[in-house]
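Q: I would like to learn how to read this model. Can we take the features one at a time?

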Amino acid sequence: MINTGRKHSVHVVKYRWVWMILTSILLIPGIIAMIYSSVTYSNHAPLKVGIDYTGGTILQYGLEQKLENSDVTKTRESLESIGVENPYIQILNVNNAQQENTKSNINSIISIRTKFISEKSDEADKITEQLKKDYTNPELISVSSVGPTMGKELFKNSLIAVALAFLGIIAYLSFRFRFDYALAAILGIFHDVLFVVGIFSILGLLYNVQIDGLFITAILTVIGFSVHDTIVVFDRIRENLRYYSKKMSFGEIVDASVNQTLTRSINTSLTTLITLFALYFWGGVTTRDFVLAMILGIAIGTYSSIFFCSMLIDFWNDKSKQPVSA
Amino acid sequence: MKNKILMFWFIVAVVIVSSILIFVKPTKLGLDLVGGSRLILEAETTDTIAKITPDVMSRLQFAIEQRVNKLGVAETVVQQVGEKRLLIEIPNVTDLKEAKAFIGETAQLEFKREGKLPDGTPTWESTGLTGRDLSKSILSTDSSGQWVVSLEFNSEGAKKFAELTKELVGQQMAIFFDGELQSAPRVNEAIYGGKAQISGGESGFAYEEAERMVNLLNAGALPVPAKIVEENTVGPTLGADSVAKSKKAGIIGLSAVMLFMILFYRVPGIIADIALVIYSLILFALFKTIPVTLTLAGIAGFILSIGMAVDANILIFERTKEELRAGRNLFTAINSGFDRAFTSIFDSNMTTVITCTILYLLGTSIVKGFALTLALGVAVSMFSAITVTKNFMHLIFGTGELKHPGLFGLRKDEIGQSYEAVETKREKARFGILD
């Protein structure tokens, strides 16, 4: 037995089934939400996607006054009366406590999503005019517009990039470790990404949260972190195998390695989560969903590297050894 | 020990150079932080140009650059992305709608002659004389005080124009700008000398109208029409707000992380914090020197790389603590702690670099910014977390036995209790273990 100077606080191998069940509990609600979304949404996407991937225009106006939720309906009706088709309205309230250091006196942001407005059309001006009637001094603070063909292309390119990143990671890990370690790391990434996407699918259904270009960046960050975490554990397993493979079973080595790296895994995630929480509470309103995606991903990434990935390689090792012992 | 002191001064020099660079060079902030417009323009084929060739694209880019420069805004960017798209960045634009209209106008000037369709209805036929035959255009007034656009043809254009007017004596010649009939004067005699005027028909041109036309003609027509397929505009207020908030959040987050490191790792924690500050200085100096344009996604990459830099230190300290628990002396514990942590730091950082490279090559501009800052961060963290921390640890703790375990956040009774790693002879030599 490797003496780690303290009792093992987690038992990956012994309680294997516990971690399998826990993983399922974490993932299943999200998967259900994704299936439900794919069936019910008109574009059959598992998530509520923003204009980056569907095409469309978002106009954001800053207002001095505080807005109520009833303003959403009011604004929608007002815009529909001037012929804007299916506008999607969202209201972001800017926390006053965050305002001290900034010069702006914007208290609410009203965000209007419509179909793609081309440069030739004056629909954006019409919307601005209409809002000027309804509110005092709305200030147009941001416009983003993505053409319909562009959206599909962005989506395709993001997927290609992520797929290639996966292949690169598998190749490197197979070279430095073993193919089954690489596979476990990739499954770990899948696990983490599935969890975050699942939660955002649920948030999309419940609170209309939409994913945008930044969401892909958040997912990439989660992937980076997830592999990072997993490698640290695997590296320890690799090292311990070198010294102890004759004295201990593979399962014991996995358990010991996880416990040896446990403090590090938790501390690293904690420090990153500290920065992210700071960004969540004190950062800008517009990046809040982005930060939330990273918080969820990093928390689940720590879980998966400790329990999920190590459990997998132990499980496979058991399976591959069975014919020999039988 | 001599090497260690040399290394220390090298680190000091790097810090000084970085600080000077940070002080001297301006920070390049992305449009989502300073406010401005990012447009993507897509070239469209026409009847005459059925394929967008690289040559067409470079002419389109040139024409668009001319126009963007005419907006009188500093630090604009026009660059080709993909096969048929241009990326245009305009910071701090005052009248975006006007700017967009100005950029998107094809500005095709065409001279046409009378003709007839097969069924007999009169129409205008192309003559082959277009805006490409111009050398320049000037805003001026005619004898009655109306605003007119004076045209000067280049030598070939002058020849064509002379022949055309000779042919058309007694007939009307029409001038079309972007498909719109501007005027259709009757040609009284052949015009030599290569000069002509466009008047705004019966009502005449308004000043702005004529000026705009002159500007567009001088900037050159677009070889093919182009439309805006993507736009991202952020007002200056929102940008400033994002910067102020990111700064505040960054400072709070970093301070909390530093506090955590000191509470958990004690003296090594302080060293890690110093290494982290040095890391930030070097990275910012690099951002400014390269220069890397900082966007919101780029800031995310930066924060993640801080996480990874701290992680390297945590890995090292955890290993060092294990070695100390096993009863090693300080010098050996620090050395073997670093050495054992190195493989996992190296492998995990390599996968990050692989991912970043792929994303940088394939990603959209948002993703590119993220990948670049993260990759740079990881590279710098390999230096700061390993070289800087190791150097300071050795300088501060020296080679003796660990007399005050509290300095590492260890209890006395933990020492000599645990972890019996079996080293090979080679490793013993490398870590300086004496049996």
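Q: How many bridges join strand β1 (residues 36–43) of chain B to strand β3 (residues 85–91) of chain B, and in which sense do the strands run?
A: The model is a predicted one. Start with the bridge count and the strand direction. Here 7 bridges join β1(B) and β3(B), and the two run antiparallel.

Q: Which strands form the open sheet of 8, and in what order?
A: The order is β2(A)-β3(A)-β1(A)-β4(A)-β11(B)-β1(B)-β3(B)-β2(B), with antiparallel pairing. The edges are β2 (88–93) of chain A and β2 (77–81) of chain B, each of which pairs on one side only. From one strand to the next, the twist averages 20°.

Q: Where do the side chains of a regular strand point?
A: In a regular strand they alternate between the two faces of the sheet.

Q: Which strand of chain B does β4(A) pair with?
A: Look for bridges between strands of the two chains. β4(A) is joined to strand β11 (residues 226–234) of chain B by 5 bridges, and the two run antiparallel. Within this pairing, Val146(A) has Glu230(B) as its bridge partner.

Q: Which helix packs on the sheet by touching β1, β3 and β11 of chain B?
A: Ask which strands a helix touches, then at what angle. Helix α4 (residues 96–104) of chain B touches those three, and its direction makes about 155° with that of β11(B).

Q: How many residues does each chain give to the contact between chain A and chain B?
A: Count residues on each side. Chain A gives 64 and chain B gives 68. On the chain A side, β4 (139–146), α5 (148–176), α7 (213–244) and α8 (250–282) each supply at least two residues. α7(A) gives the most, with 15 residues. By class, this side of chain A has 26 nonpolar, 31 polar and 7 charged residues.

Q: How is the size of an interface often given?
A: Often as the accessible area lost when the parts come together.

Q: At what angle do α8(A) and helix α7 (residues 236–289) of chain B cross?
A: For a helix pair, take distance, angle and hand in turn. The axes of α8(A) and α7(B) come within 8 Å and cross at roughly 155°. The two helices are therefore roughly antiparallel to each other. The crossing is right-handed. Among the residues making this contact are Leu270(A), Ile274(A) and Trp282(A) of α8(A), and Ile252(B), Phe260(B) and Phe264(B) of α7(B). By class, the contact has 12 nonpolar, 4 polar and 2 charged residues.

Q: Are α8(B) and α9(B) oblique or roughly antiparallel to each other, and why?
A: Let the angle decide. The axes of helix α8 (residues 296–325) of chain B and helix α9 (residues 330–362) of chain B come within 8 Å and cross at roughly 135°. They are therefore oblique to each other. The crossing is right-handed. Contact residues include Leu315(B), Ile316(B) and Arg319(B) of α8(B), with Ile334(B), Phe338(B) and Ala341(B) of α9(B). The residues of this contact divide into 9 nonpolar, 5 polar and 3 charged.

Q: What is the strand order in the open sheet of 4 strands in chain B?
A: The order is β5-β4-β8-β9, with antiparallel pairing. β5 (122–130) and β9 (180–183) of chain B are the edge strands, each pairing on one side only. The twist averages 45° from one strand to the next. Strand β4 (residues 109–116) of chain B is joined to β5(B) by 6 bridges, and they run antiparallel. There, Gly115(B) stands opposite Thr123(B). Helix α5 (residues 155–167) of chain B packs on this sheet, touching β4 and β5 of chain B. Its direction makes about 150° with that of β5(B).

Notes: Residues numbered from 1 in each chain as written. Chains lettered and ligands numbered in written order. Predicted model: local features only at pLDDT ≥ 70, side-chain atom pairs only at ≥ 80, totals over all residues. Contact = placed C-beta atoms within 7 Å. Nonpolar A, V, L, I, M, F, W, Y, C, P; charged D, E, K, R; others polar. Pairing = 2+ DSSP bridges. Axes fitted to C-alpha atoms, helices over the stretch in contact; angles between N-to-C directions. Parallel < 35°, antiparallel > 145°, perpendicular 65-115°, else oblique. Left-handed = near helix turned anticlockwise from the far one by under 90°.
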